[in-house]
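Please examine the sequence and the model shown below. The paragraphs that follow lead through the arrangement of its parts.

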Amino acid sequence: MPELPEMEHYKNMLIDRIKGAVITDVQINRPKSVNKPPEEFIHYVKQQQIIRIDRRAKYLLFYLDNGFILLLHLMLGGWMYWGTNDDKPKRTIQVQLNFRDNHLYFIGLRLGYLHLLTIEEANQVLSNLGPEPLSFNFTLNDFLEALANKGGKLKSALIDQNFISGIGNRYSDEICYQAKLLPMRSIKAINNKEAEMLYKAIQTQLKTAIESGGYLKHPFYKQDVATGSYEKEFRVHDREGATCERCGAKIVLERIASRNTFYCPGCQT
Ligand SMILES: [Zn+2]
């Protein structure tokens, strides 16, 4: 599932292409991917200008000039493609937004969705999300305070969207590795020095992944080479049996917090 870096990367590419642009047409091939009857959805979206695009956690928000918001969550398997009819991937398109000759295709929206909401409704959906880890007002002190009120395992906390938003299964493994902490460590047993390492690991990990275009394997547009460059940078995730480049031990796969979790038993403590 795309996490904060993938969605931030999408957001940046979308701002370059469709901020200020008018949606000239809408096609809904899978009504379940939207939250209104297709005619109603199209009525409120067609001919609207996109005035702003934001990311919150793993969501993208497209602000329309009529005051509505399109709230996107790609969930498992969802992705987007930008291009003309000729460039279109040979895949089933669930929803399509047209911008004259270029189109934004939403693909693999099975669990994922594109919902038309009022600002109040969108705020309601997003109201329980934890802080944005890369926000300038998410300080080390905030993080230490939040940790002090949290129990359970480190892995569970990192992927808990109400605790801290945007981190999922992949980056939580990498963050634990960067911080040299075991994912099954009890939060209560993490000391301040380790918590500081963890805070730094969260920042560094997410920023580096954004700069490298995240891990999603599908290009966003023709000749896109930036998207997915981070895939080869994973140190532990999905590398069971590989050699840890820091200590030489073998990477282990274990089920933690109901997720397949990868870590190095040699240098994470
Ligand atoms: Zn190691």
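What distance separates the centres of domain 1 and domain 2? Taken over C-alpha atoms, the centres are 28 Å apart. Domain 1 spans 4-126 and domain 2 spans 140-263, with bounds from an automatic or database domain assignment. The model is predicted, so local features need pLDDT of at least 70 and side-chain atom pairs count only at pLDDT 80 or more, while totals for chains, interfaces and linings use all residues. Residues are numbered from 1 along each chain as its sequence is written, and side-chain values use heavy atoms, with hydrogens and water left out.

Contact (heavy atoms within 4.5 Å) joins 20 residues of domain 1 to 21 residues of domain 2. The two domains bury about 1800 Å² between them, 69% of it on carbon and sulfur atoms; buried area is the accessible area (1.4 Å probe) lost when two parts are put together, summed over both. Of the area that domain 1 buries against domain 2, P5, E6 and H9 supply 31%, more than any other three residues.

The interface also holds one salt bridge, defined as a side-chain nitrogen of Lys or Arg within 4 Å of a carboxyl oxygen of Asp or Glu. D87 forms a salt bridge with K222, with the closest N and O atoms 3.9 Å apart. On the side of domain 1 that touches domain 2, α1 (4-18) and β5 (79-83) are the elements giving two or more residues; helices (H or I, at least four residues) and strands (E, at least two) are DSSP runs, numbered from the N terminus. The element α1 gives the most, with ten residues.
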